[in-house]
Each structure stands twice: as C-alpha cells, then as structure tokens.
Amino acid sequence: AAALEQIDPATVNTEYLDVLTRGWSRLQAHAPPQLSKVIYERAACPFGPEDGPPIREKPSIEMCEQVVDELTASLQMTTQAAKRQVTLALGLHDLPVVADGLRDGAICPARAELIVTRLFGLPDEQAQPIAEAAMAIAPGLTSGQPRPELDKLITQVDPAAAKPRHDTSIEQRKVVHGRNGEGTAYLSGCD
C-alpha cells in the first residue's frame, strides 16, 4: 500500500495507470477475506474472562446474532448488511476453495458471496465439490452469471434438494418498488 500511495496517478501514462489500477484492485481484494476471518473468529469466540485464553466453539445461531448486532453498532451498517457479512464469513470458513479464490483475486467479493449463499445449508460433502466446480468457472463470468451454473451443479449433486429450494424461492419472491433520485420510480420482481 505504501508503494502504491507514493505514485501520483496524474504523473504516469496509460500503461502505468493500468498497472496502478491492478495494484489497488489486488490490495482491495485482500480485505474481504481477512475481514471475514475476523468475523468468523468473533462468532466462534464466546464471552469469557478478559485475561483468559481465547476460547473457540462452533458458531451457534445465538453467537451469530450477537455478532450481527455488534457489526450493526460498531460499523454502522444495516442489520441486513451485517447478516450478509456473517453469512459470508461462515461460508468462506466452510468453503476454503472460495476463500482462496477471493484472497488470490480469482473472484470478486460479489461472486464469493453468491457462491457462499447458494451453497449455504448444503452438507459439506455436497458443498465442497460444487464449490470447486464453481471456482473452475466463476473467474471467467460476471458476478451474476454463476447463479444458474451453481443451480445446475446443485441439482446434479442432489436432485432431491432442487424441489425444496425451488419452493423456498417461490415463498420468498417479492415485488420491490421505490423512487429513483431523478424523481422516477422502479418496479421489479425477484426471488
């Protein structure tokens, strides 16, 4: 970071601006997996004596909810954003191939979040091979394109799980509307 900060973008040509852009992008890619590691450890660390050794447990729902509340307060984020951070942290811990891809810059945080959320709730023996297959294709796709590919992979690994996931998607579908900054409105349907 210190080396990149010493380069004034106004003083370099196009080639070096491309290098500088890639450098800052790579540096930025290191933050999400590190933040997720810290959030996971917080979810796995129950309160104990301040001067005692660190204690680690499998994160429980109660501990995760507590971390969501802490993130909401300390980072001034919405509850929904905090839940997404905790879900990402749990998923990256359980799917190290995705965490490695994010840390190495093979995928962006949006693709990592998509893979983690689509595989959330699957047993490890099913989620791991799907994550590996997803990491083989995700780097060449935009952040929205892996979703149908993941759904195909999930259906191939566990056809019986497709129906409940489809039913849940139908139950959770909604219509979203609101105002745009220009005074116009938007209306969209999503699952």
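## The largest pocket

Helix H9 is the top contributor to the lining of the largest pocket, giving seven residues. Keep in mind as you look around that this is a predicted model. The space in the largest pocket comes to about 1,100 Å³. Its lining is made of 28 residues, and those closest to the centre are Thr117, Arg118, Phe120, Arg165 and Gln172.

Which elements give two or more residues to this lining? They are helix H3 (61-74), helix H4 (79-94), helix H6 (109-119), helix H8 (146-157) and helix H9 (159-172). Sorted by class, the lining of the largest pocket holds ten nonpolar, nine polar and nine charged residues.

## The second largest pocket

Next comes the second largest pocket, with a volume of about 280 Å³. It is lined by 16 residues, of which Lys58, Leu90, Gly91, Asp94 and Phe120 are the closest to its centre.

H4, H6 and helix H7 (124-137) each provide at least two residues. By class, the lining of the second largest pocket has ten nonpolar, three polar and three charged residues.

## Where H2 meets H4

H4 also packs against H2. Two packed helices are described by the angle between their axes and the distance between the axes. For H2 and H4, the angle is about 95° and the axes lie 8 Å apart. Angles of 65 to 115 degrees count as roughly perpendicular, so H2 is roughly perpendicular to H4.

Which residues make the contact? From H2 come Pro33, Leu35, Ser36, Ile39 and Tyr40. From H4 come Gln85, Val86, Leu88, Ala89, Leu90, Leu92 and His93. Together, the residues of this contact divide into nine nonpolar, three polar and no charged.

## A closer look at serine 36

One of the H2 residues in that contact is Ser36, so let us zoom in on it. Serine 36 sits in helix H2, which covers residues 14-44. Is serine 36 buried or exposed? Its relative accessibility is 2%, and because buried means under 20%, serine 36 counts as buried.

Methods. Residues are numbered from 1 along each chain as its sequence is written. This is a predicted model: local features need pLDDT of at least 70, side-chain atom pairs count only at pLDDT 80 or more; totals for chains, interfaces and linings use all residues. Side-chain values use heavy atoms; hydrogens and water are left out. Helices (H or I, at least four residues) and strands (E, at least two) are DSSP runs, numbered from the N terminus. Buried means under 20% relative accessible area, exposed over 50%, partly exposed in between (1.4 Å probe, protein chains only). On a 1 Å grid over the protein atoms alone, a cavity is a set of points where a 1.4 Å probe fits but cannot get out, and a pocket is an open set with protein on both sides within 12 Å along at least five of seven lines; lining residues have an atom within 4 Å of a point. Grid points are joined across faces, edges and corners, and a volume is the space filled by probe spheres set on the points. Ala, Val, Leu, Ile, Met, Phe, Trp, Tyr, Cys and Pro count as nonpolar, Asp, Glu, Lys and Arg as charged, and the others, Gly among them, as polar. Axes are lines fitted to C-alpha atoms, for helices over the stretch in contact, and angles run from 0 to 180 degrees between N-to-C directions. Angles under 35 degrees count as roughly parallel, over 145 as roughly antiparallel, 65 to 115 as roughly perpendicular and the rest as oblique. Contact means heavy atoms within 4.5 Å.
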